[in-house]
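Walk through this structure with the sequence at hand.

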Amino acid sequence: MNTAHNMTKYSLRSWVLVLALAPTILVGILLGSYFTINRFYDLEDTLKEMGSNIIEPLAISAEQSLSSNNREITKVLLARAQLNKSTLVKSIAIFDVDNQLFVTSHYHKDFEVMRYKEALDSLRETQFEHEGDTLVVRTPIFSISNRPHSTDSRDNGTSRYSDAVVMPDNSNATLLGYVSLMLNKEKALLEQHRAAVAAFIIVLIGVQLNLLFTFRLVKNVTQPITDMVKLVGKIREGKLDARLEGNLIGELDLLNRGINAMASSLSEYHDEMQQNIDQATSDLRETLEQIEIQNIALDRAKKDAQEASRIKSEFLANMSHELRTPLNGVIGFARQLLKTPLHSSQMEYIKTIERSATSLLQIINDILDFSKLEANKMVLESMPFGLRSSLEDTINLLAGSAHAKGLEFVVDVDSAVPENLVGDVMRLSQITTNLIGNAIKFTEEGSVHVRITLISNEENNIVLRFEVNDTGIGIEAEQQELLFQAFGQADSSISRRYGGTGLGLVITKRLVVQMMGGRIGFHSEAGKGSSFWFTVPLQLSPFPAHETLPMDKLIGHTVLLFEPRKLSRQSIARTLKNWQMLVTEATSEAELDYHLKGNRYDAILLSGHSCETHEQLQRLLTQVKDHTGSLLLLNDCLDPEVFSQEMASYVDLVMPLPISELKLAQYLIFPPLRKDTPAIQKTVKAPAKRHPLNVLAVDDNLANLKLIDTLLKELVANVVAVSSGDQAVALAKSRAFDLIFMDIQMPGTDGITATKLIRQDSLNRNTPIIAVTAHAINEERERIQSSGMDGYLPKPIDEAALKGVIARWLTRPTFTHFDNNTLNWELCLSQANQKEDLAIDMLKMMLDSLPGTVNDIELAMSRTDNEAMLHTVHKLHGASCYCGVPTTQKLCQQIESALKRGTMVADVEPEILELLDELTKVESAATQVISQMSAEVPNEL
């Protein structure tokens, strides 16, 4: 490509000149050089021949005088020879056999140049030697008449005396000396120069003649071509009326006419094309006008669609609230009725109402989740949690359904799976609940097996695989593609037989794939069951989710496990072996009897699944009891509470299945004392003591207000209930309360506005205000925190959750010395998965690190060290995500983002100084919170 570019940048004129002149100059130089060099050699050969013709007769003539040592005769001879060739010969000298000067034609100061430098024996013929601008010729003198001849190749046998100067190899001649002749080369050099000048002149004349013809060629050929190129350029620029005039020679004239014809054709084509363009432009203008009209209509339709989407979202949110609000009353009062004396049929009716309302609430939640996923408005949380403890909560909710069908429900968590993780535990529980719930729903007999394994563990990032296997009805191959479609189920009759909206799996898939970045899949055969699996990436948490148990105490302990069912037995045995316990397995009563004979175990785990009656199980427990100090009964009956009461006198602990690893480990490490009482004494439970608190409840829905009023009156001494935000604000200005429960969505003054008014001017500026909302907590949390509220309670109100909120705020510090955005204790609890001890530990860790962090920030700021500042702020940002310090977290994020974009430390110095001030506030606030929250909270309300 580069070569082609270099060729095109030279003009045709240049190429013609180069191609025409270069060969002529090259040939002229070669020929001139050849003839000049040949002339040089000819002149040199002529000079050597003339020297040989002079010196060789002298060598013959000087033999006699040299033999007789007669210098006078020899000198005369030499003088005459020199005079004969005076312009050519500069000097003649004869040297004897000792290489001493015998005689010379005349005195010469450089006769040493004429002396032979080598041994005289080597001088056997005429030799030539160039010395500057002279030629030295030496010929030996022999004492015999039959002299040798010269063999010099340049003499070509032309010397008359050549046969007398060469000594044959077999001759007896004696060398007497030699003659040395110095010839002048000036004439020869002059001739050589003349020859070179003549050659140069001839070459120059040839080049000039070539230039003459070349320029003639350029004028007649290249100039017309140049004109044609210019014409083509004009045509390319759109000047189609340009033409070439005049006649040219040969094919150039044909080319000229062709270009003119092409220009004419292009002009005609251009005129025609312009007409077509004008017509097309006119048509396009009309089309654009129509498109513009359509765009206006589409824009209007787009705005209508956006408005419809907004209305739909608002409708879903409002309907969610409106539906949950009455359901809150239905579920709450149904639970309250269950506390009252009822006969069996009434109890069953109330339970049916409560279950139906709970199912309806789940359907509403599914629809709301689906709408949020469709609108990409669902946001995942990231908080530390314990995998096994959170999984236990999920399993406990589903175990009753599995036990009601008599299914074997087994949960296997691989020992390599870490416990302390960071992620959205609520959504993870939702996914597992959907998959396990479906497995139980579509399985009439057999088992449901849940397995959790570790796929990868790189630094702090792990990938877990959840798998749910069942022996249910399975799915036909042609119906499997409908599973992950919204409102779709494998069979249209399924919704009638099993219920459900068909949204569970599509929500699960979108949560796993779109939100969490995992994968999901399944394998199923009709009549043989299904296997659903998904993978999810999570992070390791640096904070323990619960107290670490001393598992090394179990090493070497003996355990007898009696479980007839294979999956349950293998799962429990695997867990015990991972703890390095010595496990003995029994699958039948016969094997159990065999292993009990003469043996005693540290613990016995016994399943009552094989016993048909309670009496049979009690006899078996009595038989086993004497062989261990810790007897644990594995229970999977439908009513575990009644079962536990009946069997409590026979065993040390009744543990429901699927078994909880944490509870099992805690029991085996710290076994309870053996109870020797033959039966449980039924005691009347004393009424719970109410806390001496003044509580304000605010809700516009009378049913919900009555429900929360009823629940609160069972827990606290004084309750005031009002139905509007305005009433709450007015009452807060005249009366102090210990706790305020505020509904969010109310007509007129809503809960957010009422809270801000109470915080501005009332007797309850520092009173804890708890938001009571039927909306999803994730979407409301930011509004709740920014409004000045201290916590939240979701609807439907759960009595246990209400107790927990009251217990949490009983020992709450009165935050009068710092802003809620400096340290938000409720947010800290939320980020610690509602574990108070963990929240306090995280605050302590951050408090301990603050002096070093402040020092590192000040040092990096003084040195203008971007890398050190980025490292320190990044570390502080990570810690602030778990300690409920919103302002610190926000400032860290701003500074870290700016430094990552390449901003210098000096440019973000105001934000850094603001961060240092905020850390001082955080240190003071954390010290206050830790000192006040370290007080022990009552276990029961």
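Glu459 sits in the loop between strands E9 and E10. Helices (H or I, at least four residues) and strands (E, at least two) are DSSP runs, numbered from the N terminus. The phi angle of Glu459 is near 55°, a positive value in a residue other than glycine. Is Glu459 buried or exposed? Its relative accessible area is 74%, so Glu459 counts as exposed. The cut-offs are these: buried is under 20% relative accessible area, exposed is over 50%, and partly exposed lies in between, with a 1.4 Å probe and protein chains only.

The model is predicted: local features need pLDDT of at least 70, side-chain atom pairs count only at pLDDT 80 or more, and totals for chains, interfaces and linings use all residues. Residues are numbered from 1 along each chain as its sequence is written, and side-chain values use heavy atoms, with hydrogens and water left out.

Now the overall picture. The protein has 26 helices and 22 strands. Of its 941 residues, 44% count as buried. Contact means heavy atoms within 4.5 Å. Among contacts between residues at least 6 apart in sequence, 70% join residues at least 24 apart.

Gln580 also has a positive phi in a residue other than glycine, near 65°. Gln580 lies in the loop between helix H12 (566–578) and strand E14 (582–586).

Next, the interior. A nonpolar core is a set of buried Ala, Val, Leu, Ile, Met, Phe, Trp, Tyr and Cys residues joined through side-chain atoms within 4.5 Å. The largest one has 42 residues. Leu387, Phe409, Leu464 and Phe534 have the most contacts inside it. Which elements give two or more residues to this core? They are helix H8 (387–404), strand E7 (408–413), H9, strand E9 (447–458), E10, H11 and E12. H9 provides the largest share, 7 residues. A second, separate core has 40 residues, including Leu850, Ile857, Val885 and Ile930.

Leaving aside neighbours within four places in sequence, Phe409 is in contact with Ile395, Leu398, Ala399, Ala402, Ile436, Ile440, Val448, Val450 and Pro658. Pro658 lies in the loop between strand E17 (653–656) and helix H16 (661–669).

H9 covers residues 425–441 and H11 covers residues 504–515; their angle is about 140° and their axes are 10 Å apart. Axes are lines fitted to C-alpha atoms, for helices over the stretch in contact, and angles run from 0 to 180 degrees between N-to-C directions. The crossing is left-handed, meaning that the near helix is turned anticlockwise from the far one by less than a right angle. From H9, Arg427, Gln430, Ile431, Asn434, Leu435 and Asn438 take part. They meet Gly504, Leu505, Ile507, Thr508, Leu511 and Val512 in H11. By class, this contact has 6 nonpolar, 5 polar and 1 charged residues. Here Ala, Val, Leu, Ile, Met, Phe, Trp, Tyr, Cys and Pro count as nonpolar, Asp, Glu, Lys and Arg as charged, and the others, Gly among them, as polar.

Aromatic rings come next. Rings of Phe, Tyr and Trp (its six-membered ring) pair if their centres lie within 6.5 Å; planes under 30 degrees apart count as stacked, over 60 as edge-to-face and the rest as tilted. By this rule there are 4 aromatic pairs. Why is the pair of Phe466 and Phe534 stacked? The ring centres are 4.8 Å apart and the planes are at 5°, so the pair counts as stacked. Phe466 is in strand E10 (residues 461–470) and Phe534 in strand E12 (residues 529–540), 68 residues apart. Phe466 is buried at 3% relative accessible area, and Phe534 is buried at 1%.

Phe522 and Phe532 form another stacked pair, 5.2 Å centre to centre with 20° between the planes. Phe522 lies in strand E11 (residues 519–525) and Phe532 in E12, so the pair ties together parts 10 residues apart in sequence. Phe522 is partly exposed at 21%, while Phe532 is buried at 11%. Elsewhere, ring pairs link Phe95, Tyr116 and Tyr178 into a cluster.

Finish at Thr888, in helix H25 (residues 886–900). Thr888 is buried, with a relative accessible area of 0%. Not counting residues up to four places away in sequence, Thr888 touches Met846, Ser880, Leu915, Glu918, Leu919 and Val922.
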